[in-house]
Amino acid sequence: ADTLITAPQAFNEPVLSLPATGKIRALWRSNPEILLARLKVVTATGSPNYYVKVVDWETHAASLIFFVRSGETTTVRLPLGVYELRYAAGEKWYGEEYLFGPNTAYAKADESFKFRAEGEKISGFTVELIKQINGNLSETRIRASDF
């Protein structure tokens with residue numbers, strides 16, 4: 001009996017143009033009563049492109065999805081709360097289903113991000129997705145299925 005061994009399916013999706021830096025989708029209901037906090041994300045020239053998912057710390061539901069092109073900076077806003085930052089990184093873009101293809105690197109920030117109001121002041125964050133010696137954003141690689 002011959003056993004048919006099939007080669008792994010080659011990845012041959014078409015390369016797409018990179019999305020613009022900024023919000024792709026907010027997954028929370030807008031409401032004039034909601035206080036919004038600022039999240040600024042900075043990348044360096046020569047860094048990968050990032051597809052970022054901001055996820056509720058408790059429910060793990062995605063709250064906001066946005067894209068940051070290599071060397072660009074964006075500021076997004078989201079409701080007060082505690083969030084986890086997950087991101088996929090890569091060079092060539094294959095769309096939201098395949099992200100950066102088989103070479104996509106997935107990671108999440110180890111610390112939670114607490115967006116809260118203190119009196120009249122709303123605390124926000126600036127995150128530099130730039131590899132730095134002694135940087136203060138530690139990350140953990142995650143599987144695509146955990147993204």
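Three strands make up an open sheet of mixed pairing, in the order β5-β2-β11. β5 and β11 are the edge strands, each pairing on one side only. From one strand to the next the twist averages 20°, with axes taken as lines fitted to C-alpha atoms and angles running from 0 to 180 degrees between N-to-C directions. Strands here are DSSP runs of E with at least two residues, numbered from the N terminus, and two of them pair if DSSP finds at least two bridges between them.

Before going further, a word on the model: it is predicted, so local features need pLDDT of at least 70 and side-chain atom pairs count only at pLDDT 80 or more, while totals for chains, interfaces and linings use all residues. Residues are numbered from 1 along each chain as its sequence is written, and side-chain values use heavy atoms, leaving out hydrogens and water.

Let us look at the two pairings of β2. With β5 (residues 73-79), β2 runs antiparallel, and seven bridges join them. Lysine 40 has threonine 75 as its bridge partner in β5, and leucine 36 stands opposite proline 79 in that strand. With β11 (residues 125-128), β2 pairs in the parallel sense over four bridges; there the bridge partner of leucine 39 is phenylalanine 125.

Threonine 43 is found between β2 (36-42) and β3 (49-56). Its relative accessibility is 5%, so threonine 43 counts as buried (buried means under 20% relative accessible area, exposed over 50%, partly exposed in between, with a 1.4 Å probe and protein chains only).

Leaving aside neighbours within four places in sequence, threonine 43 is in contact (heavy atoms within 4.5 Å) with residues including Tyr50, Val68, Glu72, Thr73, Leu129 and Ile130.

Rings of Phe, Tyr and Trp (its six-membered ring) pair if their centres lie within 6.5 Å; planes under 30 degrees apart count as stacked, over 60 as edge-to-face and the rest as tilted. By this rule there are twelve aromatic pairs. Tyrosine 51 and tryptophan 93 have ring centres 5.5 Å apart and planes at 35°, so their pair is tilted. Tyrosine 51 belongs to strand β3 and tryptophan 93 to the loop between β6 (81-90) and β7 (105-109), so this pair ties together parts 42 residues apart in sequence. Both residues, tyrosine 51 and tryptophan 93, are buried. Tyrosine 51 also pairs with phenylalanine 147: the centres are 6.0 Å apart and the planes at 45°, so that pair is tilted. Phenylalanine 147 sits in the segment after β12 (139-141), 96 residues from tyrosine 51. At 11% relative accessibility, phenylalanine 147 counts as buried. Ring pairs link Tyr51, Phe67, Trp93, Phe100, Tyr106 and Phe147 into a cluster.

Finally, the chain overall. The protein chain has twelve strands and zero helices. Of its 147 residues, 34% are buried. Among contacts between residues at least 6 apart in sequence, 74% join residues at least 24 apart.
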